[in-house]
Amino acid sequence: MRTLELERFVVYLHDFGSPVGARLAIMDPSRVVAQVIQNGDIPYEDALGPKYADIEATWALAPEAMRAYLRDLPDAELHLLDGGHWLLETNLDEVVALMRDFLARVHGG
């Protein structure tokens, strides 16, 4: 096994794996340059509403829930794309362009 020993990194959070990336960020926030969140669980209970009561019945998070991040991170970028749960399969070119621009600005390319 190879160890990368990264000093700084961007965390890509997706779906139920989001808590894993969030734990990395919480353990040492100084190492996390940015977070990219795609269909990730939102840690704002009031933004989730009753639809989260039966999580197995729903996979889509409402745009209002996504906007909850902006309460604590007003400078965050929010891009709501017309795509499904597997956004990279349906909107790859659009996501790649947004990610390249974002990563170049926050992580130096």
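User: Which residues is Asn 91 in contact with, leaving aside its neighbours within four places in sequence?

Analyst: Contact means heavy atoms within 4.5 Å. With those neighbours left aside, Asn 91 touches Asp 82 and Gly 83. This is a predicted model: local features need pLDDT of at least 70, side-chain atom pairs count only at pLDDT 80 or more, and totals for chains, interfaces and linings use all residues. Residues are numbered from 1 along each chain as its sequence is written, and side-chain values use heavy atoms, with hydrogens and water left out.

User: Is Asn 91 buried or exposed?

Analyst: Buried means under 20% relative accessible area, exposed over 50%, and partly exposed in between (1.4 Å probe, protein chains only). Asn 91 has 11% relative accessibility and therefore counts as buried. Its place is in the loop between H5 and H6; helices (H or I, at least four residues) and strands (E, at least two) are DSSP runs, numbered from the N terminus.

User: Which residues of H6 are buried, and what do they pack against?

Analyst: Val 95, Met 99 and Phe 102 are buried in H6. They lie on the same side of H6 because they cover an arc of only 75° around the axis, the arc being that of the directions from the helix axis to the C-beta atoms. The buried residues of H6 pack against strand S1 (9-15), strand S2 (32-40) and helix H5 (87-90). The face turned away from the buried side of H6 carries the exposed residues Asp 93 and Arg 100.
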